[in-house]
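Please work through the following exercises on chain contacts and nonpolar cores. Each task is followed by a stepwise solution.

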Amino acid sequence: MSETVFYILSGFILVFSILTVTSRKILRTAVYLLFVLLGTCGIYFAMDFNFLAAVQLTVYAGGIVVIIIFSIMLTSDLQDKLEAVQFRKIFFSLLAVLIGAAVCITTILNHSFPQITDKVLDSSMRTIGLRLLSYNEGGFVLPFEIISILLLAAIIGSIIIAKKADSN
Amino acid sequence: METGVSIQHFMVLSTLMFFIGVYGFLTRKNLITILLSVELILNSVNINFVAFNKFLYPENLGGHFFAMFVIAVAATEVSVAIAIIISLYRKLKMIDVENVNEMKY
Amino acid sequence: MENFLYTLIIPVILFFTFVFTGLFGSKFKPAVSGIICTASVLISAVLSYWTAYQYYFIHGKVNGVYQIINVYKIEWLKFNDTLSIDIGILLDPISVMMMVVITTVSLMVHIYSIGYMKGDSGYSRYFAFLSLFTFAMLGLVLSVNIFMTYMFWELVGISSYLLIGHYYNKPSAVSASKKAFIVTRFADLGFLIGILLLSAFAGTFDFNELTNPNGNAILQSASVTFMGLSAITWALILIFIGCAGKSAMFPLHIWLPDAMEGPTPVSALIHAATMVVAGVYLIARLFPLYVFTSPAALEVVAHVGAFTSLFAAIIACTQTDIKRVLAFSTISQIGYMMVSLGVSGYGAEEGLGYMASMFHLFTHAMFKALLFLGAGSIIHAIHSNEINSMGNLRKYMPVTHITFLIACLAIAGIPPLSGFFSKDEILVAVVEKNIFLFGVQYLVAGITAFYMFRLYFTVFWNRDKNYEHDPHESPNVMLFTLIFLAACSALAGLIPFSQFVSSNGESFSTQIHMNIAIPTVGIALAGIILAFVLYKKESVSPEKIKNSLGLLYRSAYRKFYIDEVYIFVTKKIIFNLISVPVAWFDRHVVDNTMNGIAYTTNFVSEKIKYMQSGQLQQYAFIMVAGMILIFLLTLYLIIV
């Protein structure tokens, strides 16, 4: 992809993520998150990972954000403005975060990554399907099965946690 | 693959997104906004995995699948977290993170 | 059969009986524990007799000399090549003799206690401790190694404590048991230091090597001296202090009269026949060491024994509690044994004192146990210990009367009873070595006859006191033991003891020396006649004599105020000068240090408990900041 596309997308993502963490109205934060997810999806498309981008749209943007909006509506009054955060908290968090970011970015920029030009990325649906269910080297059938069990456990768990307590 | 966008661009993007998410986690008061910050962190990690896959190990799809699994687990985690938040709301009638503090001295 | 392996059963069966009765005795009816304990002592006794028969008559002698046989010797703790603590069984003439004495007297006491302690609430506990005591005493005499002796010495002390304090609801019994334990424990300090010194210079704990006349211990003994006496002499004197504590020699005799607070069969077993002779036994066991390396220690033994003998005899003349008279009599007789050992030489005829001491130990065990059991019989009938409330008992208790008379004649030394022979041998041994000590012992023989017959006439003759209900004779089970012991006291003198026991194992023969025997019997008869005159019928002569002696009488009655001296020294000197500052230090410095540590911990934790605030974001912040810090340190400190 060209640099332009990358910079537009990344700018989009960063702006909206900053807005997510600093907005004072709660529904707006959820919507800003949705835009961040759309930006990420764009990055995936630009890198030829089509299937992953589709999954991201469906599960993340379509499922998770919807759940979050439902729960926001269940638990808070949409017109309320959230309180401002204490200055002390902002200062220290900002300090920690900036130093951390500086350390990480310096390390990344100083490291020389190897250039690989001979192999080609193959991300067609056929390959993804074969790899997902293959039990040879490079296959991912075991995590696949485990994730399904995890999802089952999560469904049951959430139902039990969130149901109303029996009052008889 | 055209020149210009190297792996380091993606990694810097992912780092910035990660630390923005951490800032949100440390600063926000409402439990749901904390959850949203956690989602930011998870997304940044996904971008990182995918970038590694494309630039360093193009022959297999490990990063791609891992990102998919992260998405699945994130969905799981959000559902459980929302269940907890709802039952907390029933008890305390508010969901500030400062009120969830009974495991203390 | 040559192997004596069955001797292991003799002590061990008693240990298992103790454990069994102690743990399960309360689950059965009380009589069952009595029967179990008596049965196991019976087995031990029968095996001891068999061992004695085998040892003395069949296997023990090689070329006319009795051998020391180590039946078992298992190394338990090894310090270096030559020094180790072994556990085992050693058979030699005196240990086999002591085994017979201990099991016989213990058997009699067990049978007697079945009748005497009937109805007592601590019946099975009593029998369990009796088994423990017998086990410990057997272990002591059969030990192969001086450290093993020390272990069993302490165990005997503990069993004595437990048995004296049997009536633990009585404060006087509790304090008597404490006193016995503390005094003997204090003496054992000397014993332990003596053992350590001895082993440091002799290089071994083992009895075989310590007492071997050609062995290292004796040959290289005079190497180091301290204040004029060799180190081994000091060690042996310290060991003698331990023996003096256990055998109630002056000034460590104070515990024995008070130990009479225990039940009377206990007094018979422990404080007449077995435990108090442990000191004499130990000196006899270490005798070659004493005789070859330190004549000075033997002098100390002899003089302390003689002084104690006289001292106790004088006090016994004034006491009015029947058991206390017998206690002081025991102290006096043990003094005899010590004197006899102290003047002895080594060898067959030279070692006459050794043989006489062991002979007297044997006969004394019989008649003193008989005296105590008879006293128990009387106390059981009258329910009181005071001799002034007893009188004319010969009408009511004939069997007790006859056996008690036999015992009194034996202790006074009237032929042909056993006491005559053993006392005669002692006096013969002493007269050759030291005329002064002979004079003292001769005088004590007369005083002994006097106070024993004072006791006899006051209790069995004299005026009939009005009793609440007529005293009745004891049950048959108790009478059986009295008769058995009376037979032993009468006939034991006929055993040719010197054929069996002597200081170096050779047998020799002895005869009665008429020039010693006749004056001894004479002074004994004089004592008896004096007692007859004063006490047979009720008269005022004793009172008049008492008043004329005045201060001397009063001091003797108060046991020469030795107890008061002890209390003064401990309370005014030791407590005030040593214990009080140490207690102050402990309470204020040591305790406050601990309190201070606790207080500081509390204070600091109060201040830092706010780190566990329960605030999620605080925890997350600290985690992130810490992680970044670690990154920085790792990346830049390593690179730089």
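The exercises below concern a predicted model.

**Exercise 1.** Determine how many residues of chain B are in contact with chain A, and which helix of chain B gives the most to that side.

*Solution.* Step 1: with contact taken as C-beta atoms within 7 Å, 60 residues of chain B meet 69 residues of chain A. Step 2: on chain B, at least two residues of this side come from each of helix 1 (7-27), helix 2 (31-55) and helix 3 (62-92). Step 3: helix 3 of chain B gives the most, with 21 residues. Step 4: by residue class, the side of chain B that touches chain A holds 39 nonpolar, 15 polar and 6 charged residues.

**Exercise 2.** Describe the contact between chain C and chain A by residue count and class.

*Solution.* Step 1: chain C and chain A contribute 7 residues each. Step 2: on the chain C side, the division is 7 nonpolar, no polar and no charged.

**Exercise 3.** Characterise the fold of chain C and identify which residues touch the most other members of the largest nonpolar core.

*Solution.* Step 1: chain C contains 25 helices and 6 strands, and 51% of its 640 residues count as buried. Step 2: for contacts in chain C between residues at least 6 apart in sequence, 80% link residues at least 24 apart. Step 3: the largest nonpolar core has 203 residues, among which I283(C) and A369(C) touch the most other members. Step 4: helix 16 (residues 352-382) of chain C supplies the largest share of this core, 20 residues. Step 5: leaving aside residues up to four places away in sequence, I283(C) touches F240(C), C243(C), Y290(C), V301(C) and L341(C). Step 6: a second, separate core of 61 residues includes I26(A), V65(A), L42(B) and F65(B).

Note on methods
Residues are numbered from 1 along each chain as its sequence is written. Chains are lettered from A and ligands numbered from 1 in the order in which they are written. This is a predicted model: local features need pLDDT of at least 70, side-chain atom pairs count only at pLDDT 80 or more; totals for chains, interfaces and linings use all residues. Two residues are in contact if their C-beta atoms, placed from the backbone, lie within 7 Å. Helices (H or I, at least four residues) and strands (E, at least two) are DSSP runs, numbered from the N terminus. Ala, Val, Leu, Ile, Met, Phe, Trp, Tyr, Cys and Pro count as nonpolar, Asp, Glu, Lys and Arg as charged, and the others, Gly among them, as polar. A residue is buried if 20 or more other C-beta atoms lie within 10 Å of its own, exposed if 12 or fewer, and partly exposed in between; C-beta atoms are placed from the backbone. A nonpolar core is a set of buried Ala, Val, Leu, Ile, Met, Phe, Trp, Tyr and Cys residues joined through C-beta atoms within 7 Å.
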